Structure formats: structure tokens, C-alpha cells
Amino acid sequence: DGAYSFAFIDGKGRIVIGRDPLGIRPLWYANNNNIFAAASEDTPLNILGFKREEMKEVEPGSLVIVDGSGNIKESNYTKNNGNASCMFENVYFSGASSRGPKGMPIDLFRYILGEELAFSDPLKEKFESGKLNREDFVVVPVPNTARNAAVGYAETLELKLREGLEKIESDIPRLFILPEGERVIQMKLKYEVLPNSINGLNVV
């Protein structure tokens, strides 16, 4: 059990890759009868020059074995317990140009999440009833993974979308895993506010 994917070369010189039974972690491979490659996303495979039809997502609970002659065999090493892909992979870890669940582009997936968030936001009713003025609000995405969701949210609610944060330090670790006090300090080092984009506005 658990969330994992793996790759190794066995004693016979075969390449073996596999994915956890629930498909929590993504895993892709590609083959063009000359080169075999595997990655957690399909974007690196595209960068290597593989065509879309040469790429395939490994099914949950499956092994892919490549022998010394380049023959590829895919089989189940355990029962496929369905698909429980990690939401965090789709909203944060994966690159926007990658494909996510059932082949859906990650950028589209995040855009739709932004739309759904807008539809469920209490602000929607207040804008429509005239209690709030859309011109008093601006949507600011946190670089970089929030951009697609922010576009979906802003377009659905007909709000301004502006770049109000600039990433100034990329070597700082992921902020969400830091203790609260340290998170605030590191956040100020990682991002800089662009005041001209947000002055006098309510920021979403």
C-alpha cells in the first residue's frame, strides 16, 4: 500500500517500472522502437522528442518490463483497486503542460477548478445582486501553479485579473510545509507585492 512509482534494472538487465495499486502517483512511459523513457509526467517525454501516440500512462498496479531486445510487456503485479490520483499532483506538482486524470490537460483541469470555485463562492451572488461592485475587486494568482485556476475564477465572475505578486527567489522551499512563523518570513523573501496592481482594491 501507499503512494509510489518505481523504476529499476533487474539482474537480467531488464528495465522495470511500476505504479502503485491506486494510481495515486502518476507514471508515464514512451517508446519509439529505438528509445524507451519513463517519467512522472508526459511533458519530459515530449521534450525528449516522443510523439503523443508513443506515450502511454501506466495503469494502477501495473508493471512495464523492457528486455534487452527492446520488447515491452505490461502486466498487473497486484490488483487494480481503481484510481485515486492525488489531487495535489493535479493542482500543484504537475506542470501545466502535462496531462492529468484520464488524459485531461493539467492547465484545463486547473481552469475548471477555478470555474467551480467561482460558482460556489458567496461573492457570486453578491455581485449579481448589486451588493458588491466588481470594479472594487481584483484576482491575483500566486505564481506559478495558481494562474490557470485564477483565470477560470476571474472569467466566471467577470473580475479583473492582474499579476500582483512577483517571485523573486526560486530557491526557497515550498512554503506550505513550513511552520507558520517561518512560512511568513520565507514568503516575504520569495514574493514581492506589485502595489500598482492592487492598490485600493479587494484582492481575491
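Student: How many salt bridges does the structure hold?
Tutor: There are eight salt bridges, the term for a side-chain nitrogen of Lys or Arg within 4 Å of a carboxyl oxygen of Asp or Glu. This is a predicted model, in which local features need pLDDT of at least 70, side-chain atom pairs count only at pLDDT 80 or more, and totals for chains, interfaces and linings use all residues. Residues are numbered from 1 along each chain as its sequence is written, and side-chain values use heavy atoms, leaving out hydrogens and water.

Student: Why is the pair Glu89 and Arg25 called a salt bridge?
Tutor: The closest N and O atoms of Glu89 and Arg25 are 2.4 Å apart; that is within 4 Å, so the pair counts as a salt bridge. The two residues come from distant parts of the chain, 64 residues apart: Glu89 sits in helix α2, and Arg25 in the loop between β2 (15-19) and β3 (28-31). Helices (H or I, at least four residues) and strands (E, at least two) are DSSP runs, numbered from the N terminus.

Student: What makes Glu89 buried?
Tutor: Buried means under 20% relative accessible area, exposed over 50%, and partly exposed in between (1.4 Å probe, protein chains only). Glu89 has 7%, so it is buried.

Student: What does the salt bridge between Lys56 and Glu74 tie together?
Tutor: The N to O distance in this salt bridge is 3.2 Å. Lys56 belongs to strand β5 (residues 55-57) and Glu74 to strand β7 (residues 72-76), so the pair ties together parts that are 18 residues apart in sequence. Lys56 is partly exposed at 41%, and Glu74 is partly exposed at 27%.

Student: Where do Glu128 and Lys124 lie?
Tutor: Both are in helix α4, four residues apart, about one turn of the helix. An α-helix has 3.6 residues a turn, so residues three or four places apart point the same way. Glu128 and Lys124 form a salt bridge with closest N and O atoms 2.7 Å apart. Glu128, with 54%, is exposed, whereas Lys124, with 21%, counts as partly exposed.

Student: How do you know that α3 is close to its expected span?
Tutor: The expected span of a helix is 1.5 Å times one less than its number of residues. Helix α3 has 15 residues and reaches 21 Å from its first C-alpha to its last, close to the 21 Å expected. Its buried residues are Ile106, Phe109, Arg110, Gly114 and Ala118. What covers them includes α2 (87-93), α4 and α5, judged by contact (heavy atoms within 4.5 Å).

Student: Which residues of α5 are buried?
Tutor: In helix α5 (residues 147-157) they are Ala150, Gly152, Tyr153, Ala154 and Leu157. Their cover includes α3 (106-120), α4 (122-129), β8 (137-139) and β9 (160-161).

Student: What makes β8 and β9 paired strands?
Tutor: Two strands pair if DSSP finds at least two bridges between them. Val139 stands opposite Leu161 in β9. The open sheet has three strands in the order β9-β8-β12. In it, β9 and β12 (202-203) stand at the edges with a single partner strand each, so one side of each is left without a neighbour in the sheet.

Student: Why is β2 said to be largely enclosed?
Tutor: Four of its five residues are buried, so β2 is largely enclosed by the rest of the structure. Strand β2 pairs in the antiparallel sense with β1 (residues 5-9) over five bridges, and with β6 (residues 62-66) over four bridges, also antiparallel. Phe8 has Val16 as its bridge partner, and Ile17 has Val64.

Student: Why is the count of cavities one?
Tutor: On a 1 Å grid over the protein atoms alone, a cavity is a set of points where a 1.4 Å probe fits but cannot get out, while a pocket is an open set with protein on both sides within 12 Å along at least five of seven lines; lining residues have an atom within 4 Å of a point. One cavity reaches 30 Å³ or more; the largest cavity has a volume of about 140 Å³. The largest pocket has a volume of about 570 Å³. Its lining has 25 residues, and among the closest to its centre are Tyr92 and Val142.

Key. Points joined across faces, edges and corners; volume = space filled by probe spheres on them.
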